[in-house]
Each structure stands twice: as C-alpha cells, then as structure tokens.
Amino acid sequence: MKAVLKIIGSLRLAVLLLVLLMVAMGSATVYESQQGTEQALRSFYHAHWFKLLLALFGVNLLASLLGRWPFGSRQIGFVLTHVGLLMILLGAWISNRWAINGQLALNEGKSANSIRTDQEIINWQRRSDQTNFTVELSPETIGGFEAVDRPLKQTLRLNQTELQVLQYLPDLRWREVVSNDAAQSNPAVQVELTINGETQQRLIYAQPPPDRAGELLAYRVATDPAEYQQLLAGGGGGGSVGEVIIKCQDEEFRFTVEQLQSKPAELGSSGYQVRLLRYLPHATVGAGNQLQNIDDQPTNPAVEVEVFNDDAKETRIAFARFPDFESMHEQKQFPGVQVQFEYKGQTNGAATLEIIQGPAGTWAIRQQTAGLPTKVAEAQLNQPVPVMEGVTLTIQQAFTKARSEWQAEAVLPVRQIRNPALLVELTEGSAHQRVWLEKYHPTAVQLNNGVHDLTYADQNLPLGFSIKLNAFRLGTYPGSRRPRTFESRVTIEDGVTSGSQERLISMNHPTSYGGFTFFQSSYQMGMGPTVSVLSVSRDPGQWVVFAGYAVTLLGMLWVLAQRLVRPHAPAEEVRPG
C-alpha cells in the first residue's frame with residue numbers, strides 16, 4: 001500500500017499536474033481575450049478535462065499526505081500545507097456544486113425581490129386555465145457552444161399536451177428565403193451588402209411592407225427609357241405618382257393616377273369602368289372610421305376608386321404599402337374585380353441608396369447623401385459596386401412576384417453575443433406544431449384552439465427580501481468622462497424582520513444580506529432611467545476556501561519558523577504533491 005501511495009503521491013506527478021494546470025490557465029487567459037469570458041469558462045474552467053486535472057491533483061496531495069502516516073512533530077508544517085491545499089480544492093468543489101450566481105438589474109427608484117440565475121429553464125403555460133410548468137435544463141447538454149440533437153430526453157406533459165425538445169443551437173439567426181411565386185405582383189430585388197468585411201443579404205421591395213418602411217435602401221423599376229432616365233435624375237418616374245392596377249376576368253389593366261383623374265376608364269369588354277375618387281399621399285383612418293388624408297407627404301400613399309357598371313357601383317381602397325389589404329376584406333358587389341396601387345415616387349424617409357432597374361436588363365445605383373452631390377453608378381448582376389468607404393453592394397436577383405419566409409440556421413462559429421435557441425414540438429392528439437424558442441423571447445403557440453406560452457430563459461430565484469435602488473452615482477477622472485468609479489445606494493427591506501437597511505455598494509466594496517453578496521458589476525445609462533447592474537452570489541464553499549488559504553499559509557510559516565530555529569537540521573520537504 002505504501003508503494004502505491006508513493007507512486008500516486010510522487011513529486012514528479014505533482015510537478016507534471018501543476019505544469020498542465022498552469023498551461024491550461026495561461027491558454028484560457030489568451031482565449032478569453034479573443035473569444036470572451038463565456039466561451040473561456042465553457043472551454044476551459046468548466047470543461048471535464050480541467051476538472052479531471054484538479055481531481056488528480058487532489059488525489060496526488062491526499063496520497064502524499066497518507067504516505068507519510070503516522071506523522072511526526074517535524075511534519076506539522078508539511079501536514080498543514082497539504083491539508084490547506086486539499087481544503088481549497090474541497091471548497092472549490094462545494095462552490096461548483098451548490099453555489100448560486102446571478103444578476104440583478106435595478107432602475108433608479110425601483111425595487112426587486114428576485115435575481116436572474118445562470119440556471120436555464122423552459123417555462124410552459126396554458127392560457128385557458130393558467131396551468132404552469134417549469135423544467136430545469138442540464139448545462140451538460142444545453143447552454144454550451146455545440147449543437148445538440150434531443151438534448152432533453154424526457155417528454156414533458158401538461159395534461160393532454162406533450163412537449164419534446166428536438167434540438168439545441170448555441171447561436172441561431174434567421175435567413176430570408178425568397179421565391180417568385182406570390183399570388184400578386186410584388187417586385188423586389190435581393191442584394192448583398194458588405195460592410196467592413198461583414199456580409200448580409202437583404203430583400204428590397206419596390207413597395208415595402210410596413211415593417212420595412214423607412215429603410216435606407218430602396219428599389220425602383222422603370223418600364224421605359226424615359227422613366228429610367230427620370231429615376232436616375234431623382235424623379236418619381238414617368239411623371240406619375242403611381243399606377244392603379246385592376247385585375248378583372250383574368251386580365252390586368254394599369255392606369256396612372258393622372259389618367260383616372262381626368263376621366264373614367266373601361267376595363268376591356270367586361271362592362272366595368274373605374275374612376276378615381278381620391279389620391280391620399282398620407283392616408284389614415286380618422287373619426288368615424290373614415291379614411292382621411294393628413295398632409296401631402298407620401299407617408300402612406302393610397303387611392304380611393306369607384307368600380308361601376310350599368311347596374312351597380314362600389315368604392316374600393318388600395319394602399320401602396322398594404323398590397324393584400326383588399327383581399328383581407330370581403331367585396332360584396334364585384335368579387336371578380338381586384339384593385340391594387342403601386343406608388344412610383346419616394347416615400348418619407350427617402351433611401352440613401354436607390355437600386356434602379358431599367359429596361360433591357362440595365363441597372364444603376366443612385367446614392368443621395370445630405371449636403372453632397374448625387375452619385376449614380378452603373379451596375380450589373382452579381383458584380384459588387386463600391387457605394388461608400390468600406391461598403392459594397394451586389395445586386396443578386398430580381399423578382400416580379402416576391403414571396404419571402406424566414407428560416408432558422410446555425411451560426412458557425414458562434415458569435416460573442418449569441419442567440420441560443422431550442423427547437424420544440426408540441427403535440428396534442430393528431431395536432432402538432434414545431435417552433436424555435438429563442439432565449440428571452442416568449443413565444444405563443446396555437447394548438448387545437450388553445451394557446452400555449454413558451455419561454456426559454458434563465459431561472460429567477462426569490463431573495464426572501466426586496467432591494468431598492470435609491471440612487472446611482474458615476475465618478476469620472478478629473479477633466480475627462482472616463483469612468484473612475486460607480487456606486488449604488490440601496491435600501492434592503494425584509495418582510496420577515498419588518499426592518500430596512502440602507503447600504504452602499506461600490507466597485508470594490510460589496511455588501512451582504514440574507515446569505516447573498518451583492519457586487520457592483522456594471523451600469524447602463526442612456527435616454528431612459530439609469531440602470532445599475534449587480535452581480536449576486538451565495539457561495540457555501542467560500543469560507544472553506546478561505547480557511548484553506550489560512551491553513552496553507554500557517555503551514556508555510558511553520559516550515560519557515562522551523563528552518564529559522566534549527567537552520568542546520570534536515571527539514572521535511574514541503575511540496576504540493
């Protein structure tokens with residue numbers, strides 16, 4: 001037994017393990033500076049191989065200690081040093097196993113009674129009866145930097161509904177997939193923007209939907225050379241503010257606003273005619289649910305037309321930015337007649353860059369910058385065009401009936417600020433639905449006429465008391481705005497003791513209450529209220545580690561004192577293994 005302990009507790013093994021640990025920690029420091037703290041923790045300090053090195057070092061210390069049993073009086077320093085190091089490792093293990101770490105963000109004048117921990121959860125609630133279900137997710141399979149299939153083996157159940165976690169992605173982004181099969185005309189162009197080496201694809205509509213209004217990129221289509229030249233010069237195109245498009249009996253009719261203002265137009269041999277009642281540059285719904293125009297700025301262009309024949313007439317409204325508006329409303333008189341409006345001019349928030357498509361496959365990019373002359377550059381498909389310093393634009397493909405949908409894809413390698421997500425499937429009887437849960441983004445899922453609210457987030461832990469931010473103060477270096485120190489004045493209110501205490505938390509001066517320690521970690525200042533961000537921890541292994549430091553120091557001092565008292569006496573070696 002002594003021989004085995006001597007091998008396991010040998011000095012050579014101790015030196016080897018210490019060298020490996022030092023190389024690992026040095027590499028982790030360099031890696032953290034390049035990839036960020038989160039990836040360094042996952043790849044090094046929380047990795048199984050690093051924990052194995054620490055465990056082997058602990059076994060080496062213990063074997064070295066037991067190999068000297070029974071201890072003599074001259075081995076007190078040796079024993080204390082080794083016991084102290086074992087206590088430090090034990091305390092670190094206790095902290096890793098049971099410590100709680102979290103964050104608390106407080107607005108000035110606001111209170112909170114819980115913290116956000118690093119334990120990830122799925123929260124599932126059924127709206128009909130407010131039944132709630134929460135499951136904790138294992139950090140071994142979810143939360144890392146590798147994609148995992150079926151990270152949660154069990155099937156979650158809420159009455160008759162089942163939930164399965166099919167996939168975990170460490171970083172998700174949405175990619176717009178475009179097809180040319182929309183039911184109605186919807187011109188668009190797909191481009192690639194490269195900004196300082198970073199590329200992104202964008203779909204630019206000739207008539208942008210509401211969620212894309214005001215973008216700095218615009219797409220214009222000219223049907224003849226004269227209109228193309230007018231667009232290059234910055235005109236609205238063909239002298240018209242837009243075209244009214246009418247589909248009737250499988251035929252499509254196009255009329256400019258000016259044509260319909262002068263006289264009614266016939267729709268072929270169908271017997272229908274159309275006249276323009278009003279053009280509204282900035283249409284909105286006013287009092288009495290009536291359509292009205294606010295001003296002459298083309299913020300929301302629309303037309304009001306009248307379709308009629310010898311027997312009846314009907315008023316129709318078409319919005320340039322809402323091409324599907326009419327299809328969403330039942331038409332009582334003439335269901336076979338569809339009306340749309342294409343605006344030809346520039347809307348408010350005019351684009352900085354206009355992509356102009358001319359006849360016969362000609363392309364140009366028109367750049368308008370306030371205070372500078374307009375620049376026009378010829379372009380070709382799939383050929384990058386420099387538009388400003390560090391920015392190039394490539395026109396990839398044009399669509400006449402663009403229809404887009406968003407598809408999730410993994411980002412590799414993961415970004416420092418990433419977007420973790422879970423693919424889950426809800427099943428109830430024969431109905432089922434898959435949905436991506438992005439972290440911190442609550443998602444509502446409709447299933448069998450019932451709504452389920454799903455959230456992938458960090459778990460909130462009640463403190464047992466409340467803490468209120470009274471004031472936040474930021475100190476700067478004299479003569480500059482560079483932060484020197486920041487501190488939070490808080491009030492802790494405990495409902496159990498019915499008492500309150502005022503505390504000051506600053507960068508190097510934390511405060512403790514109720515078993516939790518609060519550290520001033522960061523802040524957020526902007527247009528709204530100041531936000532103080534506190535790091536919060538409850539670490540049961542902390543005092544074991546501190547005691548280990550003290551015992552180790554005492555052992556080293558004991559050895560030093562022994563050498564001073566008996567300088568010529570042979571000393572028992574004190575080593576970490």
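Helices here are DSSP runs of H or I with at least four residues, and strands are runs of E with at least two, numbered from the N terminus. With that settled, hello everyone. This is a predicted model, in which local features need pLDDT of at least 70 and side-chain atom pairs count only at pLDDT 80 or more, while totals for chains, interfaces and linings use all residues. Residues are numbered from 1 along each chain as its sequence is written, and side-chain values use heavy atoms, with hydrogens and water left out.

Let's start with helix H2, residues 11–35, where we find valine 23.

Next, H3 (37–45) and H4 (48–66): their axes come within 6 Å and cross at roughly 50°. Axes are lines fitted to C-alpha atoms over the stretch in contact, with angles from 0 to 180 degrees between N-to-C directions. Ser43, Phe44 and Tyr45 of H3 touch Trp49, Phe50 and Lys51 of H4, with contact meaning heavy atoms within 4.5 Å.

Finally, an open, antiparallel sheet of 4 strands runs E9-E8-E24-E23, pairing requiring at least two DSSP bridges. E9 (198–205) and E23 (385–388) are at the edges with a single partner each, so one side of each lacks a neighbour in the sheet.
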